[in-house]
Amino acid sequence: MRRLGLFATTCGLLALLLEGCGGVPSHTALSGRACLARLSAHDISYRPTDIGDPGDPHCAVDTAVKISRIHAALNQPATMSCALADRLDEFEREVVQPLALDELGSRATRIDHLGSYSCRRQNSRTAGRWSQHAQGQAIDISGFRLSDGATVSLARDWNAEHYDHMHLDIGPERLCSA
Ligand SMILES: [Zn+2]
């Protein structure tokens, strides 16, 4: 259990670094065909998707894709911007898989999430700033399943501060929190 907790905590911290918190430069977000080509080149299971008319101009998604698998499968398909899918791929390759192998001796075979695209303001309030979820620029990761069958739950194995998920986003503002 302690190792699962360490894994979850380290994943969370490295996710923040990857978002650019702490002054680490993040790579340029791609868009359109160049982005889709990168997903294909990295063998991500996706299909372009039409989010329709969200009814609010804050809820447009740049190059929307539906993702069912990065390398690890997602527990449920998720709609997000192509740029976020690209970043999720980087997060899996550079953070999740090396850590899972080093700390737990297994690969992550499934990424559990609570949702990505959602036309709403931060923390689902009726007023205030729009959430990065509104543009498909954020995903809430709740845990992982490993190749040995074990599961890492952020609710169980991480700390109380983020309770049940880690919010990974690629928005322009470095809030570095949920
Ligand atoms: Zn979130």
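Visitor: How many bridges join S4 to S5, and do the two strands run parallel or antiparallel?

Guide: Six bridges join S4 to S5, and the two strands run antiparallel. Keep in mind that this is a predicted model.

Visitor: How do S3 and S4 run, and how many bridges join them?

Guide: S3 and S4 run parallel, with two bridges between them. One place to look is Ala73, whose bridge partner in S4 is Arg110. Then follow the chain through the helix: S3, H3 and S4 make a β-α-β unit, and this unit is left-handed.

Visitor: Which elements does the whole protein chain hold, and in what order do they run?

Guide: Reading from the N terminus, the order is α-α-β-β-β-α-β-β-β-α-β. That comes to four helices and seven strands. The chain has 178 residues, and buried residues make up 36% of them.

Visitor: Where is the kink in H3, and about how big is its angle?

Guide: H3 covers residues 82-104, and its kink of about 40° is centred on Glu92. Glu92 is itself among the buried residues of H3, a list that also includes Cys82, Leu84, Leu88, Phe91 and Val96.

Visitor: Which residues have the most contacts inside the largest nonpolar core?

Guide: They are Leu39, Ile67, Met80, Cys82, Ala85 and Ile139, in a core of 40 residues. Several elements supply at least two residues each to this core, among them helix H1 (2-18), H2, S2, S5 and strand S7 (166-169). H3 gives the largest share, eight residues.

Visitor: Which residues does Ile139 touch, leaving out those up to four places away in sequence?

Guide: Ile139 touches Ala78, Met80, Leu84, Leu88, His113, Ser116 and Leu168. Let's pick Ser116 from that list and visit it next. Ser116 is found in the loop between S4 and S5.

Visitor: Is Ser116 buried or exposed?

Guide: Ser116 counts as buried, because it has 27 C-beta neighbours inside 10 Å. Beyond its neighbours within four places in sequence, Ser116 is in contact with Ala78, Thr79, Met80, His133, Gly136, Ala138 and Ile139. Take Thr79: Ser116 and Thr79 are 37 residues apart in sequence, while their C-alpha atoms are 6.3 Å apart in space.

Visitor: What share of contacts in the chain join residues at least 24 apart?

Guide: Among contacts between residues at least 6 apart in sequence, that share is 62%. Leu154 lies in helix H4, and it counts as buried because it has 24 C-beta neighbours inside 10 Å.

Visitor: Where do Thr63 and Ser124 lie, and is each one buried or exposed?

Guide: Thr63 is in the loop between strand S1 (45-48) and strand S2 (64-69). It counts as buried, because 23 C-beta neighbours lie inside 10 Å. Ser124 lies in the loop between strand S4 (108-115) and strand S5 (138-146). Ser124 is exposed, because it has 9 other C-beta atoms within 10 Å.

Visitor: Which residues with positive phi follow H2 and H3?

Guide: H2 is followed by Asp43, with a positive phi near 60°. H3 is followed by Gly105, where phi is positive and near 70°.

Terms used:
Residues numbered from 1 in each chain as written. Predicted model: local features only at pLDDT ≥ 70, side-chain atom pairs only at ≥ 80, totals over all residues. Buried ≥ 20, exposed ≤ 12 C-beta atoms within 10 Å, placed from the backbone. Bend = angle between axes of the 7 residues up to and from the residue. Core = buried A, V, L, I, M, F, W, Y, C linked by C-beta atoms within 7 Å. Contact = placed C-beta atoms within 7 Å. Pairing = 2+ DSSP bridges. Right-handed = clockwise from strand over helix to strand, strands pointing away.
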